[in-house]
Amino acid sequence: MMPPSSGRLLLATLLVVSGTSECRAQALERRIASAAGSAVQFTFAAREGVCGDGRSYLRLDPDAWFGTMNDYTRSQPCDAGPARVVVVKSGTETIRLETYAGPPASAVDAVDLGRVSAGDAVAYLGALATRGEGRVARDALLPLGIADSASVSSTFLALVRDGERPRDVRRSALGWLVRRRTGGDALPMRDLLALVSGIARNDSEQGSFRQSAIGMLGRMERGEGIPTLIEMSRATGDPWLARQSTEALARNGDPRARRARIRRGRSRDGPVERAFLARHRPGPREPRTLPHPLRGVQRQLGRGRRAVAHAPSDP
């Protein structure tokens with residue numbers, strides 16, 4: 001157990017850090033609110049790997065693009081550079097955020113506040129995500145996610161755990177936590193898996209949020225979530241969770257997921273068996289006729305056709 005003096009010291013430290021972050025957020029917020037015009041921009045350091053053209057799109061990795069792009073822009077060089085946020089205002093109220101990265105550029109008719117520290121940017125954007133409404137809260141998550149700061153993951157974690165925040169904000173924050181799993185401020189993998197699987201298992205959460213968490217387990221880059229999905233596919237006490245987990249495994253190319261699909265397809269669990277039949281495509285070395293208890297079930301895969309003959313019931 002932590003000694004009382006240590007507990008008081010920890011609490012005091014957290015209060016100081018929280019107060020400092022609040023002051024930094026308010027300082028940048030005042031500069032933005034007092035600036036003339038309807039648009040204000042500022043730049044800050046982006047995390048390693050972020051690139052863009054500075055005007056229309058940015059990229060986090062080969063599969064994560066944000067903004068306006070087409071095949072031509074995707075073929076052009078993606079340049080590293082600072083993040084740039086354009087704050088669109090109505091009077092002193094923020095109504096939209098636009099985020100870019102790459103070579104420095106300027107928005108038309110925007111007041112340029114110049115470069116701010118990543119810590120100040122994160123404090124301001126975190127306050128918008130935590131207290132903002134509608135689109136503004138959602139818009140704040142992208143620049144938060146690409147910021148080169150050691151305090152971003154804690155902000156996302158607080159958003160995920162805040163049941164009062166809109167579901168799409170919580171879902172997006174959870175996705176950013178998974179994306180930042182390799183950063184300096186990343187959650188330990190054990191804690192991240194516990195967080196995501198806890199949401200997936202929690203039947204008091206909205207079904208769409210639980211589905212998103214299940215999907216994130218299946219999309220983790222190095223397959224860290226596959227063992228958890230396999231475990232949840234055996235959740236006999238929660239047929240919905242078992243079915244959704246099995247379907248996530250069926251969409252995954254990980255060999256462990258494939259073996260789990262085959263094993264579950266041979267079981268007598270009704271919902272899991274149906275999910276297997278709906279998703280599993282036999283490989284070139286697998287029999288087209290599945291073994292007992294699915295004897296008699298054949299999948300005839302043709303051009304644009306799929307036929308499934310259901311096995312007769314056991315006598």
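Helices (H or I, at least four residues) and strands (E, at least two) are DSSP runs, numbered from the N terminus. Two strands pair if DSSP finds at least two bridges between them. This is a predicted model, in which local features need pLDDT of at least 70, side-chain atom pairs count only at pLDDT 80 or more, and totals for chains, interfaces and linings use all residues. Residues are numbered from 1 along each chain as its sequence is written, and side-chain values use heavy atoms, with hydrogens and water left out.

Start with a hairpin. Strands S3 and S4 form it, with two residues between them. S3 covers residues 57-61 and S4 covers residues 64-67; they pair in the antiparallel sense over four bridges. Leucine 58 stands opposite phenylalanine 66 in S4.

Now turn to the rings. Rings of Phe, Tyr and Trp (its six-membered ring) pair if their centres lie within 6.5 Å; planes under 30 degrees apart count as stacked, over 60 as edge-to-face and the rest as tilted. The count comes to five aromatic pairs. One of them joins tyrosine 57 and tryptophan 65. This pair is tilted, at 5.5 Å centre to centre and 35° between the planes. Both tyrosine 57 and tryptophan 65 are buried (under 20% relative accessible area; exposed is over 50%, partly exposed in between; 1.4 Å probe, protein chains only).

Phenylalanine 156 and tryptophan 176 form a stacked pair, 6.3 Å centre to centre with 10° between the planes. The pair links distant parts of the chain: phenylalanine 156 is in helix H6 (residues 152-161) and tryptophan 176 in helix H7 (residues 167-179), 20 residues apart. Phenylalanine 156 counts as buried because its relative accessibility is 0%. Tryptophan 176 is buried too, at 5%.
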